[in-house]
Amino acid sequence: MENFTLLLKKYADFIVRVGVNPQPGQTLVINCCLEAAPLARLCVRSAYEAGARDVLVNWSDNEVSRSRMELGSEEALTDFKSYQLRRYLDYAESEGGVCVLHILADDPEVYAGLDGAKISRVNAAQRKFMALWREYTMNDRVQWSIAAMPSAPWAKKMFPELDEAAAIEKLWQLIFDVCRVTGGDPVSEWKAHLDRLTGLKDKMNALDLESVHFESSNGTDLTVGIADKAVWESAASVSEKGVVFLPNIPTEEVFTAPHKDKVNGIVYGTKPYVFNGQLIKGFHVTFKDGRVVEHGADEGAELLGRLLDTDEGARSIGEVALVPASSPINRSGALFYSTLFDENAACHIAFGASYPGTTESGTRLSKDELLARGMNQSAIHEDVMVGAEDSHITGKCRDGRTVELFRDGVWVL
């Protein structure tokens, strides 16, 4: 690829300086698999150049992860040690603080063919063990960001007709394009993009909506009630110390918190979803008074059931996000088999926990206070794509007006 080295450097600088945005004196922790080493090395340098006190890299490997899940005992896989949690908390509680960058280079089906129930139990145990750290990220107490780079299995999953090298190159080009790196000045392009999303967020908040209604020709007919004192948010987040960061790269959404008891109707998935390293395709779910009462899928129905049975809150949704069909990710025509990208190609909902920041002063409220506003609680937050090319979305305002938000899959505000 022409100018690949230059593009990779710009991408690294962007995801560090704009994405996770380490501040002078902070420690940056990078989580990535071995395939992401070329990008991680550039991110380490970029973080130091931005003033980071230290940069630590936690390496992983997809093949090792699969072997452990396949051959390791459940007892061993759930025998977590205190250092695995303290390596985050010790830095978070230190004077300089911490921020975290996750670089994905995954195999979408790394656990295909393995015992799905075992995978779910192990992952549930890990989420429980790391719950204290999750409070930091869910409440934006620290900066965090997720970005991606190609792996061979991921590239071949997307482009099976190409040889491995060509598939990886094509996926790199796609990532550079949809992350606004190809144009040459990603920082300026993202500033303009974030300004557009902020404008839409402000318009949504001004409407004072009590619900949004989704319809499309595939059968979706879903009304999502909005949580009390909910606020619509867009791409950029702000940490408790006032530092702006981008949790997801790329991002195209404007989102808020549903009321956990006020979601009704049926919704059909419009893109496959990867859960626990396995695929769910062609799913649908039916809600009554906020909870899933019926569900199915063309592929992975049992897996969908395990997702919904994770805990009490997993059958309710914690996020509703509006993403136009005109987004760069959707216009690319590619199915990424990665939530990070596919959720930014279509409107989506998330089974599980609400983000406290999507209700007024939510990061300062207790769990009971959040529940009283209708904010959902769960150990999971799993985004699934439900937007279609012909999605029609209206909003009902608290003063009784009905406002058209989307027509034929795109914003009309």
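**Close-up views of a predicted model**

View 1. Val320 stands opposite Ile349 in β15. Strand β14 (residues 317-322) and strand β15 (residues 348-352) run antiparallel and are joined by four bridges. Two strands pair if DSSP finds at least two bridges between them. Strands (E, at least two residues) and helices (H or I, at least four) are DSSP runs, numbered from the N terminus. The model is predicted: local features need pLDDT of at least 70, side-chain atom pairs count only at pLDDT 80 or more, and totals for chains, interfaces and linings use all residues. Residues are numbered from 1 along each chain as its sequence is written, and side-chain values use heavy atoms, with hydrogens and water left out.

**View 2. The sheet that holds β14 and β15.** Four strands form an open sheet in the order β9-β14-β15-β16, with antiparallel pairing. β9 (254-256) and β16 (381-385) each have a single partner strand and stand at the edges, so one side of each is left without a neighbour in the sheet. On average, neighbouring strands of this sheet are turned by 20° against each other, direction ignored.

**View 3. The crossing of α5 and α7.** The axes of helix α5 (residues 82-92) and helix α7 (residues 131-138) come within 9 Å and cross at roughly 45°. Axes are lines fitted to C-alpha atoms, for helices over the stretch in contact, and angles run from 0 to 180 degrees between N-to-C directions. α5 is therefore oblique to α7 (angles under 35 degrees count as roughly parallel, over 145 as roughly antiparallel, 65 to 115 as roughly perpendicular and the rest as oblique).

Terms used:
Left-handed = near helix turned anticlockwise from the far one by under 90°.
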